[in-house]
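Please examine the sequence and the three-dimensional structure shown here. The paragraphs below then lead through selected features.

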Amino acid sequence: MENNNNSVKPTHFDADLWNPDLAPTTEATRTWNWIHFASLWVAMVVCVPTYMLAAGLVSEGMTWYQAIITVLLGNAIVLVPMLLIGHAGAKYGVPFPVLLRSAFGTKGAKIPALARGLVACGWFGIQTWVGGSAIYVILNSLTNNSFQGSPLPFLGIDISQTLCFFAFWALHLVFIHFGTGSIRWLESYAAPFLIAMGLALLYWAYDTAGGFGEMLSAPSQFGPGAAKEGLFLPTFIAGLTAMVGFWATMALNIPDFTRFAKSQKDQMLGQAIGLPIPMALFAFIGVAVTSATVTIYGEAIWDPVKLAGKMGGMGIIVALGTLALATLTTNLAANVVAPAYGFSNLNPSKINFKMGGYITAGIGVAIFPWKLLESAGGYIFTWLIGYSALLGPIAGILIADYFILRKCKLNIDALFQHNGEYGATNGWNVAGMVSLVVGILPNLPGFLHAAGIVESVPEIFDTVYNYAWFVGCFVAGILYLLMAKRGN
């Protein structure tokens, strides 16, 4: 955390609700301009899941441009709650767990903060494994596979894989130690490099294949007489919801970053520039390069790690080095900051931002991400993305509380007091907690089915789950307003 000594201390606060990292930022610590926010998003957008994002849509029958438009539209939609919830961070300088106290109560806020943090811990472990794997492939490509070995007992991976994982994991600890200022520095310098590398990969594919290949000229499977005639709309809606769910978690804890904004204009302009267009661009690079691999290698290679392994020479080192950097920038911003603040909020007097980050890193190791991926495969990604969609109710409640109920006015001192106006019933805001549960319930059966936990559910629940984020957001937001106004 940067400039802890400049944090704002309320005139009266409860020790279990305040520490310098959770305290409102001061003017001296609000140093992020629109370029920093745009760079933050570019650096987060450039990652393996984004590269492969359009793959699922193309495989479902869309043309490349239908897939890219779906990606663009989905990110334009999720930008709206991102800017709305980010407004509170920029105006009052408080992080996500503190903002939650307004709608959920000083004690109740710990539940949605922890829910957001735990899904980030899962992604942190998986992304760290991806980055460590990139280092492992680089080492083997330089030494004719001399780093390959027998799997270690219990771990199930060889010694070099283990060391590469922990080396990449330790790199995260360095940035956690130096706080959000170091993360801003990394994102700002990495963003232009990552864009350049993405465009270089696009040029390489076009030049090597003599064009982008047949995939970009393939017709839609939803047209007259095609295999999926008339099914475009349900496929589009499901894809759109998935695109919204992709960054739904960041839409919640965006105040963790906007609290450092110089102005509302900086956070809004920076995010508007940095999120939708770069997402669509990088998804296009994924589709175009994969299309070219059919010509170059005789097969469609969606996985950039596998593609880099086929390049050979210096190409593999540059490609995988870029992949490791992209994974680091995404992981730090998307999967470290939120749980670090969330864990700090559980016990502010003993856990600061740095310790919260270390706890996140510890959980990332403890889940054994390579075993999760090995045994669960696509299910774990389905589970994590689905979990993100279930967080839609939190977004709906926050927006309803801050914009409609309180009209953007918060009592900052009371956010740090159990006996203040946000203390509600013994620290629990019944309206917020009930709305959260009710907002989740319609999506729960479809979520359990999608994650493979139950074999089947009535079709209506699968249909509702296709709109999961939207359903949860609107149901919880409307119910919260009804209950909160009646309570007043």
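Predicted model: local features only at pLDDT ≥ 70, side-chain atom pairs only at ≥ 80, totals over all residues.

Residues are numbered from 1 along each chain as its sequence is written, and side-chain values use heavy atoms, with hydrogens and water left out.

Consider helix packing to begin with. Two packed helices are described by the angle between their axes and the distance between the axes. Helices, like strands, are DSSP runs numbered from the N terminus, with at least four residues (H or I) for a helix and at least two (E) for a strand. Axes are lines fitted to C-alpha atoms, for helices over the stretch in contact, and angles run from 0 to 180 degrees between N-to-C directions. Helix α1 (residues 34-45) and helix α8 (residues 180-209) have axes that come within 8 Å and cross at roughly 65 degrees. On the side of α1, the contact (heavy atoms within 4.5 Å) involves His 36, Ser 39, Leu 40, Val 42, Ala 43 and Met 44. Their partners in α8 are Arg 184, Glu 187, Ser 188, Ala 191, Leu 194 and Ile 195. Of the residues in this contact, seven are nonpolar, three polar and two charged. Here Ala, Val, Leu, Ile, Met, Phe, Trp, Tyr, Cys and Pro count as nonpolar, Asp, Glu, Lys and Arg as charged, and the others, Gly among them, as polar.

A further helix pair is α16 and α17, whose axes come within 7 Å and cross at roughly 115 degrees. Val 337, Pro 339, Ala 340, Tyr 341, Phe 343 and Ser 344 of α16 meet Phe 353, Gly 356, Gly 357, Ile 359, Thr 360 and Ile 363 of α17. This contact comprises eight nonpolar, four polar and no charged residues.

The aromatic rings come next. The structure holds 24 aromatic pairs. Rings of Phe, Tyr and Trp (its six-membered ring) pair if their centres lie within 6.5 Å; planes under 30 degrees apart count as stacked, over 60 as edge-to-face and the rest as tilted. The ring centres of Trp 64 and Phe 284 are 5.4 Å apart and their planes stand at 55 degrees, so this pair is tilted. Because Trp 64 lies in helix α4 (residues 64-92) and Phe 284 in helix α13 (residues 276-297), the pair ties together parts that are 220 residues apart in sequence. Trp 64 is partly exposed at 26% relative accessible area, whereas Phe 284 is buried at 17%. Buried means under 20% relative accessible area, exposed over 50% and partly exposed in between, with a 1.4 Å probe and protein chains only.

Tyr 341 and Phe 353 form another tilted pair, 4.9 Å centre to centre with 55 degrees between the planes. Tyr 341 is buried at 0% relative accessibility, and Phe 353 is buried at 1%.

Gln 271, in helix α12 (residues 264-274), is buried, with 0% relative accessibility. Apart from neighbours within four places in sequence, its contacts are Phe 37, Trp 41, Leu 79, Met 82, Leu 83, Ile 254, Thr 258 and Pro 276.

Finally, how many disulfides does a search of the whole structure find? The search finds zero, a disulfide being a pair of cysteine sulfur atoms within 2.5 Å. The sulfur of Cys 47 is 18 Å from the closest cysteine sulfur, in Cys 121, too far for a bond.
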